Amino acid sequence: MKHRIFVDGRHGTTGLELGARLAARDDVEQIVIDPEKHRDPAARKACLNEAEIVFLCLPDAAAREAVALIENPAVRVIDASTAHRTASGWIYGFPELDKAQRGKIRTASRVAVPGCHATGFNAAVHPLRAEGVLTADYPLTAQSISGYSGAGKAMIAQYEDTRKDDPALKSPRLYALGLHHKHLPEMQAINALEKPPLFTPMVGPYRQGMLVLLPLRRELLAKDLDAAAVRELYAAYYQGEPFIRVIPFDDQSGFDGGYFGADGANGTNRLDLFVFGHDEEILVVSRLDNLGKGASGAAVQCMNLMLGIDERTALVGAAHF
Ligand SMILES: NC(=O)C1=CN([C@@H]2O[C@H](COP(=O)(O)OP(=O)(O)OC[C@H]3O[C@@H](n4cnc5c(N)ncnc54)[C@H](OP(=O)(O)O)[C@@H]3O)[C@@H](O)[C@H]2O)C=CC1
Ligand SMILES: CC(=O)N[C@@H](CCC(=O)OP(=O)(O)O)C(=O)O
């Protein structure tokens, strides 16, 4: 019997990427809502309650509304929005977090997929917290650059249509300068930090792919590790993980004359972790596809775990780069 799946928000950016991954498989059957009624709560309620697994690819308010519309206790939910990432009763959909997380996802009824910037941040920070290298009060800073698809269809339309010749959109742009980006609560909670990091995101003039940067000062670490030793710690922590690739220390062999782009993991569910630095300073960089491991790929990986099948099934996305 096929698994009955409903994607609420299937025509949005995350929903379409999810659809591309689901289309390739013969073990799932999608419940399709009348396109004219895709925002109608009654029509959505009917679809939501007859699915085995529901994906929410919606703005936060609509995701909360969808959860409230579910009355059937058998329905399991995978939410791609920010609405439930630190909510009680929800499991954080990052299987690589630690040895227990996969088991929690397998049996969960409610899974919140991490934010794309938060995925890169957590991948770098969590092993260092778990191994006692970073204390809870380490004054973390992080920077990130994402392609414009990270902000959904409205921003894609600006960059590719309504403002495509606007010079203001030709360079990377800083945003969230109130320093209250919506991923801060999950970055803080998942890594048990006393304070959120000082996080500065940017959106770049390209469609897809991201780099999340974590600079560290050796003298502030709780264990005396240099950059190469930090890389060894990650390699041991993520050993055997199918989707996290820890790049050899300071390896610039794939770089273009010393320059390093954000699109190297596009179309995959991979997160590449790089460590650079020297005796005193360390830079950790996560590279991922904001629509892959940062959203739809992670959502499908969680679904595979919840269905008890190989988590690597159908994880190649539609790369638009
Ligand atoms: N893009 C990315 O890289 C990532 C996105 N996310 C998160 O995933 C979620 C979806 O984002 P994204 O796909 O980028 O956004 P989009 O704006 O591209 O798509 C959102 C979709 O939700 C639909 N929608 C909006 N309100 C309602 C409603 N009340 N009822 C039913 N459908 C509704 C929209 O319908 P309509 O077609 O009518 O506008 C649209 O199809 C967001 O919470 C986002 O933050 C998470 C990680 C990364
Ligand atoms: C470029 C851009 O604007 N990106 C989005 C993040 C996309 C993402 O991860 O969204 P959710 O947390 O909603 O799931 C932002 O920073 O708000």
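Helices (H or I, at least four residues) and strands (E, at least two) are DSSP runs, numbered from the N terminus. With that in hand, welcome to the close-up views. This is a predicted model, in which local features need pLDDT of at least 70, side-chain atom pairs count only at pLDDT 80 or more, and totals for chains, interfaces and linings use all residues. Residues are numbered from 1 along each chain as its sequence is written, while chains are lettered from A and ligands numbered from 1 in the order in which they are written.

**View 1. Methionine 187 sits in helix H7 (residues 184–190).** Methionine 187 is buried, because 24 other C-beta atoms lie within 10 Å. A residue is called buried if 20 or more other C-beta atoms lie within 10 Å of its own, exposed if 12 or fewer, and partly exposed in between, with C-beta atoms placed from the backbone. Leaving aside residues up to four places away in sequence, methionine 187 touches Ala118, Phe121, Pro196, Pro197 and Phe199. Contact here means that the C-beta atoms of two residues, placed from the backbone, lie within 7 Å. From methionine 187 to proline 201 there are 14 residues in sequence and 14 Å in space, C-alpha to C-alpha.

View 2. Ligand 1 is surrounded by 28 residues, and the closest are Gly12, Thr14, Ser81, Gly152 and Ala295. A residue is near a molecule or strand if its C-beta atom, placed from the backbone, lies within 6 Å of it. Two or more residues of this shell come from each of helix H1 (13–23), helix H3 (60–69), helix H6 (153–162) and H9. H1 gives the largest share, three residues. By class, the shell around ligand 1 holds nine nonpolar, 15 polar and four charged residues.

**View 3. Ligand 2 has residues of both domains around it, at least three from each of domain 1 and domain 2.** Its surroundings include Ala80, Ser81, Thr82, Cys116, Ser146, Lys182 and His183. Five residues of this shell are nonpolar, six polar and one charged.

**View 4. Cysteine 116 belongs to helix H5 (residues 116–130).** The UniProt annotation "active site", from an unreviewed entry, covers Cys116; such annotations may be inferred rather than shown by experiment, with positions given in the numbering used here and feature names shortened. Cysteine 116 counts as buried because it has 28 C-beta neighbours inside 10 Å. Not counting residues up to four places away in sequence, cysteine 116 touches Ser146, Gly150, Met210, Asn290, Gly294 and Ala295.

Notes: Nonpolar A, V, L, I, M, F, W, Y, C, P; charged D, E, K, R; others polar. Domains from an automatic or database assignment.
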